[in-house]
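Please examine the sequence and the structure shown below. The paragraphs that follow proceed from single strands and helices to the relation between the chains.

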2 protein chains.
Amino acid sequence: MTRDIYLDNISVEDAIEKWFANLNFDVSTEQIDIRRATDRVIAEPVEAEISAPQFHASAMDGIALKASKTAGVSEMNPVKLKQGVDYQLIDTGEPIPHEFNAVIMIEEVNQLNETEVEIEAGATPWQNIRTVGESLVKDELILATGREVGPYELGLVLEGGITEVTVVAQPEIAIIPTGTELVAPGASLQRGQMIEYNSHVIAKLVTKWGGEVTRKDIVPDQYQQLKKIVSKASESRDVVMITAGSSAGREDYTAEIIDDLGEVIVHGVSMKPGGPVILGKINDTAVIGVPGYPVAAALTCRLFLKQVLYKLRAQSVPEARKIVAQINTKLVSELGVREFVRVKLAKLDGQLLATPLSRSSGVMGSLVEADGLVSISEFSEGVAKRDKVKVELLEDNNYSQDKLLISGSNDLTLDLIKNELAQEEIDLLATATGSLGGITALKRRECHLAASHLLDPATGDYNQSYLVKYLADRELVLVNLVTRQQGLMVRSDNQIQVDQIEDLSHDDLLFINRQRGSGTRVLLDYKLEEAGINPAQIKGYDRVEYTHMTLAATIANGESDTGLGVLAAANAFDLEFIPVATERYDLVIPKEYWTDNRVQQLLKIIRSESFKQQVEELAGYDTEKTGQVITSG
Amino acid sequence: MTRDIYLDNISVEDAIEKWFANLNFDVSTEQIDIRRATDRVIAEPVEAEISAPQFHASAMDGIALKASKTAGVSEMNPVKLKQGVDYQLIDTGEPIPHEFNAVIMIEEVNQLNETEVEIEAGATPWQNIRTVGESLVKDELILATGREVGPYELGLVLEGGITEVTVVAQPEIAIIPTGTELVAPGASLQRGQMIEYNSHVIAKLVTKWGGEVTRKDIVPDQYQQLKKIVSKASESRDVVMITAGSSAGREDYTAEIIDDLGEVIVHGVSMKPGGPVILGKINDTAVIGVPGYPVAAALTCRLFLKQVLYKLRAQSVPEARKIVAQINTKLVSELGVREFVRVKLAKLDGQLLATPLSRSSGVMGSLVEADGLVSISEFSEGVAKRDKVKVELLEDNNYSQDKLLISGSNDLTLDLIKNELAQEEIDLLATATGSLGGITALKRRECHLAASHLLDPATGDYNQSYLVKYLADRELVLVNLVTRQQGLMVRSDNQIQVDQIEDLSHDDLLFINRQRGSGTRVLLDYKLEEAGINPAQIKGYDRVEYTHMTLAATIANGESDTGLGVLAAANAFDLEFIPVATERYDLVIPKEYWTDNRVQQLLKIIRSESFKQQVEELAGYDTEKTGQVITSG
């Protein structure tokens with residue numbers, strides 16, 4: 001087998017044009033009951049079969065009469081009318097008897113007795129009468145070709161006496177997940193295995209975009225087996241999606257199989273994520289080879305699958321809503337590649353800011369967290385901080401501006417706060433930049449508040465001297481969030497015998513560090529100096545993780561042996577914990593935001609008993625000072 | 001029975017406040033499979049059960065190696081590496097063997113032979129490696145309480161090793177349609193009967209807003225029967241909707257039944273349409289008495305039901321998208337009543353105009369045609385033409401600005417044009433204002449073009465002298481649409497013996513006229529004068545309809561005996577037709593719009609053979625001049 005490791009590099013637009021030129025978008029139709037046609041597209045004009053109303057009907061509850069009977073009538077000159085002779089009681093919707101031509105509403109009728117009324121105002125002919133066909137007239141066009149059926153369209157069609165309509169057939173899509181390393185959700189994982197969820201995400205996107213979907217079982221990377229399934233699916237579907245196997249891996253058969261059964265039209269688009277996408281066809285079926293990374297897969301669907309689905313439904317793709325915002329940090333991007341960056345929108349200092357989220361195509365959470373996408377042109381090397389960018393909102397995103405941006409040190413209690421704030425409809429975006437990163441972000445006005453636990457070895461105190469050094473020009477309030485234990489984590493068998501900081505220099509031990517600027521790194525370096533250990537002696541000192549939890553996970557999974565972190569992280573992964581220090585973990589809040597509702601809500605939460613209780617349950621935390629103002633000014 | 005004919009008159013906001021103060025919005029929850037949880041609301045925070053990836057994985061297809069093996073390597077100083085010793089082939093997603101710490105992508109590997117490669121650039125430690133937990137770390141918060149589940153959320157939850165989540169239970173809504181005069185869709189109608197479709201519309205709205213719906217069969221206006229069904233429904237549902245019977249009719253039992261079983265909290269809101277709405281409760285169940293007019297029913301759902309549904313889902317109602325536009329015609333509104341006017345948005349002369357549609361609450365089509373709603377405050381008597389108004393877009397409305405506004409005479413061929421234009425994604429809004437009304441609308445710059453068939457008795461010609469008189473200051477192109485026959489229509493038994501215009505003065509005949517300013521009225525008056533008939537002699541001369549089709553429907557349904565209209569309308573209702581005249585029906589197009597794409601598309605359509613053929617099939621039409629320019633300048 002020859003490995004085709006060099007892919008095409010054409011633009012998104014050229015790729016679609018080239019692909020579409022090879023596809024056949026014949027629209028097929030079917031007759032269905034309008035009550036089952038929600039979101040379907042009308043294929044043949046719908047005309048009323050009956051008029052509505054079919055008779056002159058009363059538009060009010062009241063009495064029907066001849067208008068001429070009230071000629072000259074006024075408050076000073078009322079007229080008495082007899083039931084059955086001059087008038088008849090009538091309710092809304094009832095037919096007007098032929099001998100009458102007006103309705104007076106009941107509120108304006110003075111009932112004298114069972115059979116007599118008095119009227120104090122003249123009626124004009126045809127007042128309060130819905131005439132034949134007011135709503136609809138037989139043969140009138142109700143829905144034009146191409147109209148999507150919603151609740152109101154349904155009502156109008158039923159009113160027109162119609163129950164069957166001709167609609168565009170739903171495009172049928174097959175999704176084939178491939179990969180020997182994949183297992184279905186719910187299974188437990190062996191080393192090297194991953195849960196296959198792309199096919200589920202794509203299936204929901206297809207439904208959202210009006211297609212009908214069949215999800216196949218996971219197919220291992222076996223050429224003949226995969227080919228057979230692709231071939232069969234392409235016989236009866238409008239689109240076949242093969243997820244993963246589109247790249248240059250040794251077992252990436254997708255391109256070869258499409259080529260074998262039909263034609264690869266594009267393999268590789270100059271975009272990121274999703275570059276290795278394959279666009280092809282097998283007979284009249286469009287085929288997409290979807291890259292395996294989840295964000296790449298989602299973007300491929302958005303850019304290519306969605307276009308095909310709407311074509312097959314004879315609709316143009318609804319324009320995504322776009323919002324202009326300022327980018328919150330500089331973004332460097334590769335020339336010649338269009339990059340789609342997930343961003344979160346939030347107001348800060350009166351400006352709408354777009355904060356970029358993880359740019360890794362493997363981080364599904366970035367799509368969940370994101371409000372929209374910023375597209376960085378292939379002709380640009382990136383955008384400068386505070387440049388204006390167009391943010392294309394994601395599906396159904398009714399983005400809220402009630403967001404709170406926190407930057408700096410990462411702690412498990414931020415998740416608790418996020419969940420509590422969510423119930424007040426405030427969305428907390430915590431960016432793990434390390435304690436010093438948070439202070440820098442505050443200085444650069446990139447966030448509302450920072451989280452920090454920076455030890456000053458000279459004083460033994462936390463944070464204050466750093467604020468004086470880096471944020472002297474801003475009035476700040478330092479509020480304690482928690483006091484927490486830091487310690488060395490090791491797998492519970494502890495075969496490598498770590499009992500104290502001094503043991504870190506042992507030759508047979510692989511350490512995992514936290515990044516520069518993090519409070520934990522500052523603490524470690526202080527402890528190493530105290531113990532007289534040169535960092536160069538520690539194997540793995542240069543390898544870093546960015547949060548306590550990823551550090552703990554790395555140790556638990558045997559990729560490293562030990563590292564410094566909080567007790568809760570160690571507990572989460574059943575690691576042994578050797579206490580090293582107890583530290584103060586604070587929130588740094590600029591005074592200008594102190595009265596902001598979002599900040600006040602946050603303070604209310606962390607000062608509540610229920611929050612403190614949740615924190616205590618995590619172990620290794622002390623909430624004695626939680627919510628207290630440490631310094632202010 | 002006492003009829004409660006005077007309703008409350010409180011504002012929408014006060015009504016909701018009063019009602020909600022009496023309701024109980026306890027949220028119930030349930031555990032379901034995340035794959036069935038689309039659009040559901042998370043009720044308990046979802047935390048990852050596993051990390052992803054669970055191991056250090058290759059981020060690329062390539063070779064895994066020790067980075068140190070490439071120290072000092074460059075293009076000038078390449079290094080040879082041996083498979084199995086120095087490196088190992090690796091695909092995206094595969095675990096990195098513990099002895100290696102970097103991946104070089106396959107495109108940068110120079111394969112020398114089966115077991116040997118050459119490398120020309122140094123690798124840095126941990127390059128192209130996804131570390132443990134890059135996407136998700138065990139115990140990390142994946143979805144906060146209150147989050148709605150979409151395709152991406154589904155993916156993230158599955159990736160976190162979770163299949164079951166706790167979500168807010170779907171609110172359960174029962175819809176009970178009532179009315180002895182109502183029949184289900186598909187049935188044929190007796191005089192006085194109407195098709196019940198409100199319950200179907202409401203059911204779809206409930207689904208859209210996240211509720212679960214049960215639609216009951218139509219209940220006749222019988223107190224005990226209705227009471228029993230309402231009582232039973234209220235036992236097991238969160239909301240019971242009773243459609244119709246909310247007003248002051250003799251058989252409007254809704255309020256009484258709610259009062260009997262529970263409590264009427266509000267009956268009557270100062271709004272239009274939908275004023276007679278009832279808001280009540282029976283035990284813990286919210287009850288809404290929905291007015292019977294379809295637009296009133298839809299608005300009631302939008303204003304009240306939607307609020308309750310979102311409350312029950314522990315969500316706030318998503319804010320509707322609002323757009324500022326200029327109102328296209330003056331709107332007079334009643335002081336003290338908030339009126340919601342359906343409007344259509346279209347660009348004209350560079351301005352976004354909101355053209356009001358029918359304000360009758362019985363015209364369902366106005367909701368289908370509308371892009372949004374303009375709310376006229378209860379403190380306002382209306383808005384002046386070209387006043388700025390806020391238009392609240394209707395659900396899912398991705399309104400297009402590609403609309404063509406035509407005003408003036410009504411003709412059946414406009415429906416054909418509308419359907420053809422729809423396929424070019426151009427939306428035609430035809431307003432039936434009569435020929436002279438169309439010319440006036442052009443003069444007032446309320447539309448793009450007008451349709452007219454105004455006979456000049458002095459010359460026998462059509463339209464031109466009127467354009468000179470009313471639109472002398474504008475350069476216009478007059479294009480023929482069709483030539484058509486006008487005649488007197490009578491029911492096919494023709495018991496009233498109409499053979500010619502002269503017969504219209506007969507005493508035993510009830511005439512139905514067209515409105516002043518319509519071409520047909522002008523033609524009639526000319527013919528009457530010719531015949532020496534005084535309009536005062538004609539019974540029904542003062543009673544008008546606005547289109548050929550409603551006129552024909554009125555005659556067919558026995559509400560009138562005869563009137564003047566086109567052959568196609570007569571044929572549609574199986575009426576006899578006594579020809580009176582053949583007339584030219586033209587389009588009046590200002591020169592400034594002539595090159596506009598929308599106008600050009602319209603011209604292309606009417607000049608096409610397929611259009612002419614469709615017109616000829618209608619009968620009574622001649623397309624000999626169709627599409628021809630009559631005058632220009």
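A residue is called buried when its relative accessible area is under 20%, exposed when the area is over 50%, and partly exposed in between, with a 1.4 Å probe and protein chains only. Helices (H or I, at least four residues) and strands (E, at least two) are DSSP runs, numbered from the N terminus. The model is a predicted one, in which local features need pLDDT of at least 70, side-chain atom pairs count only at pLDDT 80 or more, and totals for chains, interfaces and linings use all residues. Residues are numbered from 1 along each chain as its sequence is written, chains are lettered from A and ligands numbered from 1 in the order in which they are written, and side-chain values use heavy atoms, with hydrogens and water left out.

Two strands are said to pair if DSSP finds at least two bridges between them. S5(B) runs antiparallel to strand S9 of chain B (residues 116-119), and four bridges join them. Within this arrangement, Val79(B) stands opposite Ile119(B) of S9(B).

A sheet of chain A comes next. Six strands form an open sheet in the order S16-S13-S17-S21-S20-S18 (chain A), and their pairing is mixed. At its edges are strand S16 (212-215) and strand S18 (263-267) of chain A, each of which pairs on one side only. Direction ignored, neighbouring strands of this sheet are turned by 20 degrees against each other on average. S18(A) is joined by four bridges to the antiparallel strand S20 of chain A, residues 278-282. There, Val266(A) stands opposite Leu279(A) of S20(A).

Helices lie against this sheet. Contact means heavy atoms within 4.5 Å. Axes are lines fitted to C-alpha atoms, for helices over the stretch in contact, and angles run from 0 to 180 degrees between N-to-C directions. Helix H1 of chain A (residues 12-21) packs on the sheet and touches S18, S20 and strand S21 (285-290) of chain A, its direction making about 170 degrees with that of S18(A). Helix H3 of chain A (residues 198-208) lies across strand S13 (172-177), S16, strand S17 (239-243) and S21 of chain A, and runs at about 165 degrees to S16(A).

Leu309(A) belongs to helix H6 of chain A, residues 294-312. What is the relative accessible area of Leu309(A)? The value is 0%, so Leu309(A) is buried. Residues up to four places away in sequence aside, Leu309(A) touches Pro171(A), Ile173(A), Val206(A), Trp209(A) and Gly211(A).

Helix H8 of chain A (residues 413-422) packs with helix H14 of chain A (residues 597-606) at an angle of about 120 degrees, their axes being 10 Å apart. This contact involves Ile417(A), Glu420(A) and Leu421(A) of H8(A), and residues of H14(A) including Arg598(A) and Leu602(A). H8(A) also packs with helix H15 of chain A (residues 609-616), at about 145 degrees and with the axes 10 Å apart. Here Thr413(A), Leu416(A), Ile417(A) and Glu420(A) of H8(A) meet Phe611(A), Gln614(A) and Val615(A) of H15(A).

In chain B, all nine of the nine residues of helix H2 (residues 151-159) are buried, so H2(B) is largely enclosed by the rest of the structure. Just after H2(B), Gly161(B) has a positive phi of about 80 degrees.

The last topic is the relation between the two chains. Asn419(B) lies in helix H8 of chain B, residues 413-422, and is buried because its relative accessibility is 7%. Asn419(B) touches Pro45(A), Leu141(A), Ala144(A) and Thr145(A), not counting residues up to four places away in sequence. Its side chain reaches the backbone nitrogen of Thr145(A) at 2.6 Å, within the limit for a polar contact (a pair of N or O atoms within 3.5 Å; within protein, one must be able to donate a hydrogen and the other to accept it, and residues adjacent in sequence count only if both atoms are side-chain atoms). Of the interface residues of chain B, 98% are also interface residues in chain A, so the copies meet through the same surface. Copies are superposed by least squares on the C-alpha atoms of residues with pLDDT of at least 70 in both. Chain B is superposed on chain A by a rotation of 180 degrees with 0.0 Å of shift along its axis (RMSD 0.1 Å). The two copies are therefore related as by a two-fold rotation axis.
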